[in-house]
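Welcome, and thanks for taking a look at this one with me. Please have the sequence and the model open side by side as you read.

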Amino acid sequence: VTKGSTRLATTAPAVITAVGLAAVVIGMFLPWLRSGAVLRDSFQVVGVIKSLGFLRGDLLDLLLSAWFGVIPVVTITILAYAVGLSRTSATICVVLTIFTGTISGGATVERGGGEGPLGIAGTGPTVTLIGSLVALVGAVGIFVGLRVSARTIAGGES
Amino acid sequence: VTYPGSGGQWPPNDPNQQGGQPLGGYPQQQPGYPQTGPQPAQQGGYPQTGPQPAQPGYPQTGPQPTQPYGQQPYGQDAHGQQPYGQQGGYGYPAAAQPKSRKGLITAVVAVVAIVVAGAGVTVWALNRGSAPAGADSPTAAATSLVNAIGQGDVAGLLTGLAPAERDLMSTLNSATTKELQRLEVYKANVDPNKIEGLELKTEGLQFDEGGAEKVNDHLTITKLVAGTVTLSSDASKLPLTEEFIDLAFPRGINSKPETKTIDIAKEVKKNKGKPIRIATVNVDGEWYPSLFYTIADYGLLEAKESWPKTPIAANGAATPGEAVRSLAQAALDADIERVIELLPPDEMGVVHDLGPMIVDLAKGETESTGVKITKLETETATVEGATKVLLKEFEAEKDGETVSVTKDGECYAAKVEGETNQFCADDAAQELGGKRMKPEVKKALSNLIKGMIANTGVVTTEVDGKWYVSPIRSLTDVEVTALKSLEPEDIKALLKLIK
């Protein structure tokens, strides 16, 4: 194991995670709901669902509120990595991407064929789902990179 | 997004180490390697030209007890867990301080930038997600309504309505859709908000802004004078199950799409130049189009009456049961004003506004029954966004005579002049059906009556800490209760009975 390869093992996953998280956030602002000729992003959809009161007191209501917490959690993930807590950062990232991936995955699966005046739009859920998967892979890569670093330290540089 | 340099760390006491510790967990000195020159990986890239307590210029061939190996936690990542504190002991030259400060500032700026960016995007997201509000002016409210229709924006149409009306409609819509799905009338995958088979489109709608009528501080009538509205219907797109269609429409549904276009200008001309009126209401400083006020406005126009100047103020009760009792007593006393006071000021605001006129119209037409409610025991159940009041026991008297009604499960017992009569769901089904009725139809009717007896009540809502009786929610709850009382096979049996 060379210094360069060890560096790659820790840096590349971080970059992949960053790209994935960026895609997650961008995807959230892309269309999630098609209502007639109007497209709404995920936050507008949450606003519509909440204002119509479909999920009053429901567990899904709580999940919808949690959707607004995704961006602060992404910020915390990046901050944690920036201050050196990469293991913590990767752990938060895994939990976050499972959450965003499940919701966007569900929306992607439920997406209809574009018939009817109201339906789930494809762009937002798909980008968020891909971003979640990429970030998840990156976060797992960070854990792997940490093990590689640890082994290098234990075994000495070759 | 700012990450630390590859493999680097921004140590709290030496920011210049950025990039200096490429592998984080790397030892400060490599055993066995002579460290004679500058060691970028060591001590933040500072050349070790001075005395090196741990490495006095000799090849380090063995473990160095003063090296921070012991403190270096294996398996820790490239950042953060370095025993930086150990390095302080080496005694950096004072000249390193300005560099350290610069690096520290860069790190702090990067962290602040991340936090600010995250906060900014979060605020943006929260703004986008805040409930779609009303408009700044009555015309803008009416325009947003017709635009939503024009764009086929069902979600915008629903959320753009006055909040109380929107809640009413969405509650009824979702509750009805859920029951119709359970009864296998609607397909299982139907979205409650979809209006399949019906489409509205508008084009070039124009309002007469100068002609808008301001009735009071919270009601303005806008006037639509031009544009087109196209209504398309296609029965084949209705979300009905195949089985229901076969039973309800044995000859099949006429699935030919139909389209009708209405030219507003022509309609206005036909109507002697009178424009299409859309009532808008002001709720918490924002304007919304209102279905109820629009209907009431047309009613007043037809009756050649004008909107009363002052409304009847809402005055609710302390509990849901008390609200029902007060309203029932007021109705028996023909006290129309009190009846109106007990209606929800949000969803029945139009009745409060029309109140004085309704009271005037009722004068001379109604009179007190003289019946006094002496006992009203109720129980409550939570329904979507409201509380349903169900009867347990009712007692009233008039001219010394007492009448009481008691609910006992699926039966009602009425006591009049000492004589008790019982009415049960099963008896009612037997009487309705007779002997010729098929057992499955009898069962369906029995289920319906049982469910209605057990669950029919009066729906109340709470506004600003007081309880009001909601007539519309009560009526729609009867419909939902009827649907809830039935099973899928009951629907099929009832459809066969109709045929």
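This is a predicted model: local features need pLDDT of at least 70, side-chain atom pairs count only at pLDDT 80 or more; totals for chains, interfaces and linings use all residues.

1. Residues are numbered from 1 along each chain as its sequence is written, chains are lettered from A and ligands numbered from 1 in the order written, and side-chain values use heavy atoms, without hydrogens and water.

2. Over all chains, the search finds 6 aromatic pairs (rings of Phe, Tyr and Trp, the last by its six-membered ring, with centres within 6.5 Å; planes under 30 degrees apart are stacked, over 60 edge-to-face, the rest tilted). One of them joins A:W32 and A:W67 edge-to-face, at 5.4 Å between centres and 70 degrees between planes. Since A:W32 sits in strand β1 (residues 31-35) and A:W67 in helix α3 (residues 59-67) of chain A, the pair ties together parts 35 residues apart in sequence. Helices (H or I, at least four residues) and strands (E, at least two) are DSSP runs, numbered from the N terminus.

3. A:W67 also pairs with A:F99; the centres are 6.0 Å apart and the planes at 55 degrees, so this pair is tilted. A:F99 belongs to helix α5 (residues 86-110) of chain A, 32 residues from A:W67.

4. Buried or exposed: which describes A:W67? With a relative accessible area of 3%, A:W67 is buried (under 20%; exposed is over 50%, partly exposed in between; 1.4 Å probe, protein chains only). A:W32 is buried too.

5. Elsewhere, ring pairs join A:F29, A:F43, A:F68 and B:W124 in a cluster.

6. Finally, B:E417 lies in the loop between β10 (411-416) and β11 (419-424) of chain B, and is exposed at 61% relative accessibility.
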